[in-house]
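Here is a short note to read beside the structure. Please keep the model open and follow the points in order.

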Amino acid sequence: VGAVPHDSPALGEFEQMVLLAVLCAGQGGGQAYGVTVHQELERRAGRRVARGAIYMTLDRLEKKGLLTSYQSEPTAERGGRARRCYEVTKPATTALRASRRALTRLWEGLEGVK
Amino acid sequence: MFTLLHRLLDAGLAESVFGDLEEERQRRARRSRLAARLWYWRASFAIVMFVAFRRVYEAVAEVLTSRFGLSAPGSDVVHAVRSLGRSPWYSVTVVGVIAMSMALATTTFAIVDGVLFKPLPYSASSELFVGSGGYAKRPSETPSLSPEEIQHWRVAAPDVRIGVMGLQSTLGRTADLEEVRTVSVSPELLDVLGVRPLVGGFTADDFTTATGDRPALISHGFWQRAFGGRPDVLGETTTLAGGRPIRVAGVLPRDFVFPSTNRRPDALVPLRLDQPPFARPGRAGPALLSTIVRVPAAVPFAEVQTKLDAAMQAFADAAPPVRTAAHGPRNRASLRPLEAELTRRSARVLALVAAASGTLVLLACLTLAGLGIARVEDRAREVALRRAMGASGWAIARLQSVEAMVLAVIGTSIGVALAAPVLTATLRLLPDDVPLLKEPTIDLRVLLFAAGAVLVTSLLIALWPASVAARTGLSPLMACSGQSQSTKTTRGWARRVLVAGEVALALVLTLGGTLVVGSLALLWSEDHGYSEADSLIVEFNVTAADRLGSRTEIAAIETVLGGVVGVRATGAFDESLLQRSFNADVSWKAPAGAGQWCLVGPKVGVETGFFEAMGFVPNAGRVLTNGEVDGGQPVVVLSETAAKLCWEADDPIGRPVTMNGTVFTIVGVVPDVRFSALDERAAGQIYVPGLTLPQRWSRTVLVRTTRLPDAVARDAIAALRSAGLIDQVTRVMTMRAALADSIRARRLNAWLFGVFAAASIAIVAVGILGLIAMATSRRTREIGVRYALGGTRSGVVGLVVREQVLPVGAGLLAGGAVAAWAGQFIGAYLYRFQPSDPRLWTMAVGAVITAALTGTLIPAWRASRVDPVQALRAE
């Protein structure tokens, strides 16, 4: 844990999962917005997540400066409403990497644990 | 939903959330549009609820952190919510029981508060009394006063102020035939009550000068209904159907309550003592007035009473009445506190309703306490683990209490939300003569009551389980059967006591409901003499001065009604129907050979077609022919009760009856009809040709229909309107509605007590089910062993059921004893039944036993499905 830089914002478990889901959804030219983030979380993490929790977390992460958002063009299939698409910011990727490093170190030597 | 989310999130995010939902809905709609629509609403609701909960939580956490410096605000609540989420059936059951009982308790409080608890909306209301006459020999009789007697009061006691109220009458009808009722009042009345009109008011001229339009102080409700609450209504003249024009002289305040238990008037008009029926040259005016007397606190009440008694005695001595009642002249003054007088009629039944409501809440609390203990036992290992990790007994108890509080808050919130429609349904049944000191509504007082109820309920359902939880030691961790035998035995007994208590309370409530609902069912099932499925009542005002003239008007109305599609027959008569009143013309001479108690009800003057419209099939003899009715022949038909009262077993046909000096011949006997109200005792009627009663005229047409009377009623109103006769019509109502309306008080009682009974049955079933289910789930190993030793399914079911026989039996005995004692209070509200009626007792006991058996058999059956191998391996 000591390897996590002190200036990295503290991330909760769910916040980390949402940030990672945003990264996954945005890969290959895709857009990370509510629907795709929810799908990624369910598909990759195998966890049922309340949609309200996702939107609240996205909003909170944006306010913390870990995400930025932009509006897409409104489409008919969305009832004329725009998408709010998210992108992960530099501080977020730094925090995610730091968190991963910390976990990796903690796991070192514990591979035999069942 | 969208608006709500807009308030909770920023606009852009809310837009995109609903865009996401719409996108997914359209994708799902390819498979099933209905399922997609349902998903959309469910998902929207879930998001809004989640966001709302988080916002509230964050706000509370912010306050607790900044104001009180708490480091982990609400963590107990969050833990409790998660823990309850893991036991959905327990949570739903508890919330359901609280919601049901709170909805009923809140509704009851809203009504009782409006009638009993709210202080009278008059200044210094303890100084107000209802004044009337009295008799030295019979103090219970309190007749009205004549204008001269009131004048004597004013002279005798100048330091008290007296407001006078005259008769209640109908001003006319609104366009949709709503009756506009009015009471005439003296100029002092509002001043005596300490009430000022919202706008306007009577002037001195209004009480002395006759004008074409009648000045009226209209009620706030009537102002809203008839004038849309327009502020420029003052001075406006309006003509009501079937009445004189009225001029709006003012509007009464919203919370004005007329100080009488009569039906609430829509307007007050000036009392004119210089006009008929009060002005009678050379004679004292009729005793038709009632008074409100304000006795200032500084004036001794006994002194006022003495002065008024002396005034009454002096008046009786100076002008002895022509006819004196059997118990002497009216020579005393009666002053009764206004507050007691207004609530006298409804106080007792509302107190009973409040007691029933309290019993239901107590039953709910017992049930919830039982479920709470069972849950603590179910979580014994978890609680022991917490203790092992250092949690104090207080911390454990606090967790348990927070859980109870969360459930109580959710349940009560749902209960209060449900209370609004329940209250609306209840108010529809509230009789007109219940004086409401405020309109029952879910207001701040009711919400405060609900908040108090949450607190009390939480305490009641948390204390016992919390103390059990706090005393839980480490033994559950040591072994599966680690609890001591004595602890198990104690809790087993506690469970039995709870079951017995629940059954006892449920029996009391169920019996109350069964008695009152059974009375109503009996009332409806009895033959009341009408064919309510195809009859219609049309009442009207006659403008002609005599009976012959009135017949022309009746004929015009009947011709119009006869032209309406679906009308089979019409017949007029001179009684008002099912209005809890009847004309008082009972004068007739008992014929020779009649029974000693030959007293019958009123004479009914009938017109052509009456017997056909009523559908009378004579018990003996025949009905009057149209020729006899048209010609005013001296022939009469008796009702069954009249014949029985006068001639007992003898045949009355052909016997003479003398009325107003004319000898009539009895030609037939017909079944009894309840003219006044559905629940009246048959008094017996005499049907005579209308022309033989020239001083009266018909005012009701009975219509028999060949199609649904509701539809015919609508068409009849339209036809009367297009014929220009609607102004004369005062009531068009189906017979079924009129019958139901005449017993509104009984229907209200049946509704309230019936709902309490049904709720108590549901709660006791759920309570026993929860207790037994949790108890049997902890006996999985025991049941497995029984199977292993050759036990059978029926044996296991029998074992569980047998264990409940003792507590249920004890509960029935205790409940039966309480119900037998409480029956005396409800006896006055029963129809024909006695509180000890064995049939209704059997039904009530049967219902409670069925509920208890249902609550026992379901978990017993589930327990019997245990796989013995799995059970033993799991342990």
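1. Three helices of chain B, H4 (75-85), H11 (380-388) and H12 (393-429), each supply at least two residues of the lining of the largest cavity. Helices (H or I, at least four residues) and strands (E, at least two) are DSSP runs, numbered from the N terminus. H12(B) gives the largest share of this lining, four residues.

2. A word on the basis. This is a predicted model, in which local features need pLDDT of at least 70 and side-chain atom pairs count only at pLDDT 80 or more, while totals for chains, interfaces and linings use all residues. Residues are numbered from 1 along each chain as its sequence is written, chains are lettered from A and ligands numbered from 1 in the order in which they are written, and side-chain values use heavy atoms, with hydrogens and water left out.

3. How many cavities of 30 Å³ or more are there? The count comes to six. A cavity is a set of points, on a 1 Å grid over the protein atoms alone, where a 1.4 Å probe fits but cannot get out; lining residues have an atom within 4 Å of a point. Points are joined across faces, edges and corners, and a volume is the space filled by probe spheres set on them.

4. The largest cavity has a volume of about 80 Å³. Eleven residues line it. Arg379(B), Ile396(B), Leu399(B), Gln400(B) and Glu403(B) lie nearest its centre. The lining divides into five nonpolar, two polar and four charged residues.

5. Now the surface. Met405(B), Val409(B), Leu455(B), Val456(B), Leu459(B) and Leu463(B) form a nonpolar patch with about 540 Å² of accessible area together. H12 and helix H13 (444-470) of chain B each give two or more residues to the patch. H13(B) gives the most, four residues. Met405(B) is found in helix H12 of chain B.

6. Look next at backbone angles. Most residues other than glycine have a negative phi. Ala124(B) has a positive phi, near 45 degrees. Ala124(B) is found in the loop between helix H5 (88-117) and strand E1 (128-135) of chain B. Its relative accessibility is 42%, partly exposed.

7. Arg832(B) also has a positive phi, near 65 degrees. Arg832(B) is found in the loop between helix H24 (793-826) and helix H25 (838-864) of chain B. Arg832(B) is exposed (over 50%), with a relative accessible area of 58%.

Technical notes. On a 1 Å grid over the protein atoms alone, a cavity is a set of points where a 1.4 Å probe fits but cannot get out, and a pocket is an open set with protein on both sides within 12 Å along at least five of seven lines; lining residues have an atom within 4 Å of a point. Ala, Val, Leu, Ile, Met, Phe, Trp, Tyr, Cys and Pro count as nonpolar, Asp, Glu, Lys and Arg as charged, and the others, Gly among them, as polar. Patches are made of residues with over 30% relative accessible area and no salt bridge: like charges are joined within 9 Å, nonpolar side chains (Val, Leu, Ile, Met, Phe, Trp, Tyr) within 5 Å. Accessible areas come from the Shrake-Rupley method with a 1.4 Å probe; for residues, only the protein chains shown count as cover. A salt bridge is a side-chain nitrogen of Lys or Arg within 4 Å of a carboxyl oxygen of Asp or Glu. Buried means under 20% relative accessible area, exposed over 50%, partly exposed in between (1.4 Å probe, protein chains only).
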